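User: Hi! Could you walk me through this protein model in plain words?

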Amino acid sequence: MSVTVDGDKSRSVPLWVRRILSGPRPEAVPALVGTACTVIGLIDVAAGIFPRFRASRMHALAEVLPGTLGPLSAALSLSAGVLLLLLAHGLKRHKRRAWRAAVVLLPLGAAAQFTWRHSVLGALLSLVLLTLLLRHRDQFAALPDPRSRWRALANFVLMGAGSIALGLVVVSAHPRRIIGSPGLTDRLEHVLYGLVGVEGPIGYTGNADWVVGYSLGALGMLTALTTIYFAFRPEHPAARLTEDDETRLRALLAKHGGRDSLGHFALRRDKGVVFSPSGKAAVCYRVVSGVMLASGDPIGDVEAWPGAIERFMDEAKAHSWTPAVMGCSETGGEVWTRETGLDALELGDEAVVDVKDFSLSGRAMRNVRQMVKRIERNGYTTRVRRARDLDQDELDRIRLAAADWRGTDNERGFSMALGRIGDPADGDAVIATAHRADAATETDSPYGDLKAIIHFVPWGEDGMSLELMRRDRSADPGMNELLIVAALQDSPRLGIERVSLNFAMFRAALARGEKIGAGPVLRIWRGLLVFLSRWFQIESLYKFNAKFQPRWEPRFVVYRKSRDLPRIGFAAMQAEGFVDLALPRPFARRRPARAPRPCAHIDRVGGEHGPAMAEHEVRAA
């Protein structure tokens with residue numbers, strides 16, 4: 001394909017040539033600069049370590065920052081490479097502070113290049129990249145991410161580990177100049193001494209001793225300076241619901257809360273919120289690893305959703321976050337995709353039981369019916385009440401039991417978890433408890449006869465949504481089925497007409513893949529899901545839900561680009577508590593060690609059930 005120039009058809013220039021001459025598109029500059037910084041940073045690191053590579057022509061053409069001759073230039077090249085690697089990700093994400101650091105660093109690099117290496121080409125390359133940054137400075141306007149001073153500790157650990165690893169390479173990069181045959185312990189000792197500016201036990205001939213010493217000292221200085229910067233820079237805490245935000249959200253839920261079963265989870269207090277200009281709709285979110293995760297549908301009037309969604313997208317753009325929505329309904333997915341141009345993918349199905357249609361009679365409910373009868377014969381009783389109807393002592397006991405029976409050190413859940421139980425503001429929540437009269441006398445339990453707990457949050461005026469299930473490890477199998485049945489049977493007394501149970505990820509694939517006539521691709525996909533169920537309760541949650549003969553409501557994930565899905569999935573796993581990248585805090589209270597629990601039990605009548613599901617296992621895979 002070609003294009004004409006100045007209207008002369010005889011003079012045509014190929015389109016790819018014109019694209020090169022016109023330069024990169026403005027929106028592509030951050031990615032281009034970030035990639036260039038990554039490549040040149042790796043080259044500079046290698047040039048600062050390996051003597052032969054420092055003198056090669058490849059580095060002379062690609063080098064942007066300080067020169068490579070002499071011990072000091074080796075240290076400067078190594079430092080420049082590390083700094084470029086640190087800045088590359090921020091430049092790709094349009095971060096303003098990364099742009100400022102690069103603008104300051106590149107002229108210094110150009111001057112050092114010309115002074116130390118006398119390389120006009122290297123200095124010009126630095127200035128070309130600097131010109132590109134200055135010309136497209138409007139593309140680097142993203143605000144900082146939420147952060148705390150714990151980032152300084154993380155930086156010290158990560159930079160320290162990286163400096164030690166690079167230091168071992170530096171120490172070993174001059175094998176012909178090392179005096180003697182030092183072992184790994186001696187090399188590691190030399191690195192640790194060199195990082196703090198002290199001469200180590202290994203000796204070198206020629207100027208290699210100065211090269212290694214300067215390089216190790218530069219790595220140590222970078223670790224110290226970046227840690228000090230993170231420790232003393234102003235904090236930008238993550239957004240949290242304020243009392244005013246929560247009041248406004250509760251007012252919206254009072255009017256429109258019956259539309260989405262996940263609406264009440266918007267009141268989770270570790271989320272941020274953006275409201276529409278009219279204040280009639282809102283989107284709640286949390287930022288995890290640069291992904292702005294919303295959950296469920298927007299809260300409030302459907303007509304005002306576009307305004308709240310626009311505010312959400314503006315906030316994501318201002319910080320260069322990746323926007324994503326987890327678990328929205330079909331209607332919500334249609335609005336999100338229409339208003340933003342994002343794409344949607346079916347994630348799974350939510351199990352919803354209509355109370356008027358629920359019954360234990362019939363062959364389909366045989367396993368659940370037999371399980372409930374057996375447990376009741378063993379002396380278990382149930383109580384289903386609103387949270388406001390429990391006295392304070394019993395609420396405290398339930399809270400302590402729920403925390404003690406939790407199978408993990410940290411509270412899990414995000415999109416379908418409230419993160420609290422028995423809060424005075426959540427008086428409409430429903431708590432179902434299982435008791436055994438002789439339990440208090442048989443065991444010295446601090447929770448008396450309490451053996452299991454299920455917590456539901458309100459879903460409008462006539463519904464409730466399952467939030468968590470916890471049980472004592474010594475209780476009989478089937479506590480979850482017993483309490484769900486009890487809650488469904490007592491729902492008419494509480495004015496409940498519909499109950500949202502668990503979320504079954506990839507339910508449609510599991511259901512269709514086991515039917516006669518399923519194609520080979522579908523069977524392979526189902527086999528993969530069954531395999532992954534060894535670690536994530538995918539199949540077991542689907543089968544657990546199917547016991548109660550629910551209707552299935554599809555839920556979707558909304559995303560910008562297909563290549564963002566792995567990042568969104570990883571961020572969702574962090575938010576739900578499956579992956580914890582936080583460093584252990586020195587004064588954090590540690591829970592006592594517990595015996596590992598099984599993912600599922602098979603009881604004597606052949607029913608499969610999860611015995612002690614935390615909320616993340618109950619509501620999401």
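Analyst: Happy to; we can start with the whole chain and then visit some particular spots.

Analyst: Before that, a note on the source: this is a predicted model, where local features need pLDDT of at least 70, side-chain atom pairs count only at pLDDT 80 or more, and totals for chains, interfaces and linings use all residues. Residues are numbered from 1 along each chain as its sequence is written, and side-chain values use heavy atoms, with hydrogens and water left out.

User: What about contacts between residues 24 or more positions apart?

Analyst: Such pairs make up 74% of the contacts with a separation of 6 or more. A contact means heavy atoms within 4.5 Å.

User: Let's zoom in. How do helix 14 and helix 17 cross?

Analyst: The axes of helix 14 (residues 366-377) and helix 17 (residues 479-494) come within 9 Å and cross at roughly 100 degrees. That makes helix 14 roughly perpendicular to helix 17. For the terms, axes are lines fitted to C-alpha atoms, for helices over the stretch in contact, and angles run from 0 to 180 degrees between N-to-C directions. Angles under 35 degrees count as roughly parallel, over 145 as roughly antiparallel, 65 to 115 as roughly perpendicular and the rest as oblique.

User: Which residues make the contact?

Analyst: Helix 14 brings Val368, Met371, Val372, Ile375 and Glu376, while helix 17 brings Met479, Glu481, Leu482 and Val485. By class, that is 7 nonpolar, no polar and 2 charged residues. Here Ala, Val, Leu, Ile, Met, Phe, Trp, Tyr, Cys and Pro count as nonpolar, Asp, Glu, Lys and Arg as charged, and the others, Gly among them, as polar.

User: What does Glu481 form a salt bridge with?

Analyst: Its partner is Lys547, at 2.7 Å from N to O. Lys547 sits in the loop between helix 20 (539-546) and strand 14, and Glu481 in helix 17, so the pair links distant parts of the chain, 66 residues apart. A salt bridge is a side-chain nitrogen of Lys or Arg within 4 Å of a carboxyl oxygen of Asp or Glu.

User: Are those two buried or exposed?

Analyst: Lys547 is buried, with a relative accessible area of 12%, and Glu481 is buried at 0%.

User: How many salt bridges are there in the whole structure?

Analyst: A search finds 23. One of them joins Arg555 and Asp260, whose closest N and O atoms are 2.8 Å apart. Arg555 is in strand 14 (residues 551-559) and Asp260 is in the loop between helix 11 (243-256) and strand 3 (272-275), 295 residues apart. Both Arg555 and Asp260 are buried. Arg551 and Glu553 also pair up, at 2.5 Å from N to O; Arg551 is partly exposed at 31% and Glu553 is partly exposed at 32%.

User: Which residues are linked in a network of salt bridges?

Analyst: Glu246, Arg250, Arg269, Arg420, Asp423 and Asp426 are.

User: Back to helix 20: how many of its residues are buried?

Analyst: 6 of its 8 residues are buried, so helix 20 is largely enclosed by the rest of the structure. Those residues are Glu539, Ser540, Leu541, Tyr542, Phe544 and Asn545.

User: Last one: what does Cys328 touch?

Analyst: Not counting residues up to four places away in sequence, Cys328 touches Gly296, Asp297, Gly333, Pro554, Arg555, Phe556 and Val558. Cys328 lies in strand 7 (residues 322-328) and is buried, with a relative accessible area of 0%.

Key
Helices (H or I, at least four residues) and strands (E, at least two) are DSSP runs, numbered from the N terminus. Buried means under 20% relative accessible area, exposed over 50%, partly exposed in between (1.4 Å probe, protein chains only).
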